[in-house]
Amino acid sequence: MVSRVVLAHRLFTGISRRHLACLVEELAVPWQAGVEGRRHAARGGARKRAAGAGARHQLVFVDRLVATLIHLRHDLPHAVLGLLFGVDRSTITRAIAEVRKLLAARGCAVPDRPDLRLRTLADVFAYAQAEGIELRLDATEIQVRRPPASRGGRRAFVSGKKKQNTMKATVIADWRGRTLWTDALRPGRMHDATAARNEGIAICFQHFPDVEVLLDDGYLGLSRDHRGQAVTPPRKPRPGALPGSVEQWERDRHWHSSDRITVEHALADHKRWKQLLRWTHRRDRLPDTYRAIAGLVSDRTAQA
């Protein structure tokens, strides 16, 4: 019979066996602590039986992690994963819910710093100022299901750009396209700059004055409020401008686009995971899913 690790390597092609082993070592203890905490709350006190007594888990932690990774990568239904691992669908559902939160809480990896992970926007700005790194920031939208007609706030998810019901994520990458941070997702109708402001980017600009962030035209408001730090493409010359001014504008805009394209590559890495192509599950689970995938992608790119 094929082992679970070999099965994961065949089905889940986005992660190596070494990476899987590191995840097991990193997350096994927090998962077990969570299990014991829930048991303690259910009992209302300390256990009265010796450790090891009672029913065993149908899925050990390695299998739970593997099932979650396959689900994130290929979006296989829980029922199919249940058949694959020989358990009921509800067992897979509980396992994915537990492991997904652990993966989301890990944050993003830092190149050449295996013991450091970035979890907040302030962490990213502090790291960028300490290392002298120029950041790239952009937003991406993920199509979600339309809310029921009886539920309020339906228009909040209608994106003016996509003309679809979406949720928007803000992502920061470095000059090599390595993911450093992603935020809690916002409704698609919210403007890109507003989403960044809600995450506290203005305060970060004030506390870290040496950090520069390359942005696109959707963040002109940030560029106006934080000149020299929030860098957007140069504005097009007015009609009738001298040919030399137009040529200089084209060169500057091309330089800015070429330098900022790495964050687009980071977003493309995220969208290779099938669950982020189109989200068909509950919307309140998408933020943890995106953060979990961003953390896994950063593990790979930090070692590149």
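This is a predicted model: local features need pLDDT of at least 70, side-chain atom pairs count only at pLDDT 80 or more; totals for chains, interfaces and linings use all residues.
Helices (H or I, at least four residues) and strands (E, at least two) are DSSP runs, numbered from the N terminus.

The largest pocket holds about 530 Å³ of space. Its lining has 21 residues, and His19, Cys22, Arg117, Asp299 and Gln303 are the closest to its centre. Which of them gives the most to the lining of the largest pocket? S2 does, with five residues. By class, the lining of the largest pocket divides into 10 charged, seven nonpolar and four polar residues.

Move on to the second largest pocket, with about 340 Å³ of space. Here 19 residues form the lining, and the closest to the centre are Ala139, Glu141, Lys161, Lys168 and Asp192. Strand S3 (135-143) and helix H10 (243-271) each supply at least two lining residues. S3 has the largest share, four residues. The lining of the second largest pocket has 10 charged, six polar and three nonpolar residues.

Now turn to the rings. A pair of aromatic rings is described by the distance of the centres and the angle of the planes. Searching the whole structure gives three aromatic pairs. One of them joins Trp31 and Phe61, with 5.3 Å centre to centre and 35° between the planes, a tilted pair. This pair links distant parts of the chain: Trp31 sits in helix H2 (residues 17-43) and Phe61 in helix H3 (residues 61-74), 30 residues apart. Both Trp31 and Phe61 are buried.

Why is the pair of Phe125 and Phe208 tilted? The planes of Phe125 and Phe208 stand at 40°, with the ring centres 6.3 Å apart, so the pair is tilted. It too links distant parts of the chain, 83 residues apart: Phe125 lies in helix H6 (residues 121-131), Phe208 in the loop between helix H8 (201-207) and strand S7 (213-214). Phe125 counts as buried because its relative accessibility is 0%. Phe208, at 17%, also counts as buried, because the cut-off is under 20% relative accessible area.

The charged end of Arg176 sits over the ring of Trp175, 5.8 Å from the ring centre. Arg283 lies over the face of Phe157, and here the distance to the ring centre is 4.5 Å.

Definitions and conventions:
Residues are numbered from 1 along each chain as its sequence is written. Side-chain values use heavy atoms; hydrogens and water are left out. Rings of Phe, Tyr and Trp (its six-membered ring) pair if their centres lie within 6.5 Å; planes under 30 degrees apart count as stacked, over 60 as edge-to-face and the rest as tilted. Buried means under 20% relative accessible area, exposed over 50%, partly exposed in between (1.4 Å probe, protein chains only). A charge sits over a ring if NZ of Lys or CZ of Arg is within 6 Å of the ring centre and within 35 degrees of the ring normal. On a 1 Å grid over the protein atoms alone, a cavity is a set of points where a 1.4 Å probe fits but cannot get out, and a pocket is an open set with protein on both sides within 12 Å along at least five of seven lines; lining residues have an atom within 4 Å of a point. Grid points are joined across faces, edges and corners, and a volume is the space filled by probe spheres set on the points. Ala, Val, Leu, Ile, Met, Phe, Trp, Tyr, Cys and Pro count as nonpolar, Asp, Glu, Lys and Arg as charged, and the others, Gly among them, as polar.
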